[in-house]
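Here are my notes on the model, written as numbered points. Have the picture open while you read, and start with the residue in the first point.

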Amino acid sequence: MPIKYELIIYWSEDDQSFVVEVPELPGCAADGETYQEAVANVEIVIHEWIETAQSLGRPTPEPKGRLLFA
């Protein structure tokens, strides 16, 4: 399944790594030493987040694509 959720990616000086957050999936985040590693890691975490939600009978938000902030 292709990832269609918006990703927010930034460098964390405190962690000395790239951090990726998935705003549409509460608590879903990952990190990595490189940009590419962080994105690869969050793809795994997204799939795990969805599998866990489904196994618990919880709804999985549909990807909205780009989120707009006012």
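1. Let's begin with Ser 17, which sits in strand 2. Helices (H or I, at least four residues) and strands (E, at least two) are DSSP runs, numbered from the N terminus. Keep in mind that this is a predicted model, where local features need pLDDT of at least 70 and side-chain atom pairs count only at pLDDT 80 or more, while totals for chains, interfaces and linings use all residues. Residues are numbered from 1 along each chain as its sequence is written, and side-chain values use heavy atoms, with hydrogens and water left out.

2. Is Ser 17 buried or exposed? Ser 17 is buried, with a relative accessible area of 5% (buried means under 20% relative accessible area, exposed over 50%, partly exposed in between, using a 1.4 Å probe and protein chains only). Leaving aside neighbours within four places in sequence, Ser 17 is in contact with Tyr 10, Trp 11, Ser 12, Asp 31 and Gly 32 (contact means heavy atoms within 4.5 Å).

3. Now compare Glu 37, over in helix 1. Glu 37 is partly exposed, at a relative accessible area of 34%. Glu 37 and Ser 17 are 20 residues apart in sequence, and their C-alpha atoms are 9.8 Å apart in space. Not counting residues up to four places away in sequence, Glu 37 touches Asp 31 and Gly 32.

4. On to the strands. Strand 1 and strand 2 pair in the antiparallel sense over five bridges (to pair, two strands need at least two bridges found by DSSP). Ser 12 stands opposite Ser 17 of strand 2. The two strands form a hairpin with four residues between them, and Gln 16 in the turn has a positive phi of about 55°. Strand 2 also runs antiparallel to strand 3, joined by four bridges; in strand 3, Gly 32 is the bridge partner of Phe 18.

5. Next, have a look at helix 1. This helix covers residues 35-55, 21 residues in all, and reaches 30 Å from first C-alpha to last, close to the 30 Å expected at 1.5 Å a residue (the expected span is 1.5 Å times one less than the number of residues). Which residues of helix 1 are buried? They are Ala 38, Val 39, Val 42, Ile 46, Ile 50 and Ala 53. These cover an arc of only 110° around the axis, which puts them on the same side of helix 1 (the arc is that of the directions from the helix axis to the C-beta atoms). On the other side, Gln 36, Glu 51 and Ser 55 are exposed.

6. What do the buried residues of helix 1 pack against? They pack against strand 1 (8-12), strand 2 (17-21) and strand 3 (29-32). The largest nonpolar core has ten residues: Tyr 5, Val 20, Val 22, Leu 25, Cys 28, Ala 30, Ala 38, Val 42, Ile 46 and Ile 50. Helix 1 gives the most to this core, with four residues. Here a nonpolar core is a set of buried Ala, Val, Leu, Ile, Met, Phe, Trp, Tyr and Cys residues joined through side-chain atoms within 4.5 Å.

7. Finally, the whole chain. Of the 70 residues, 27% count as buried.
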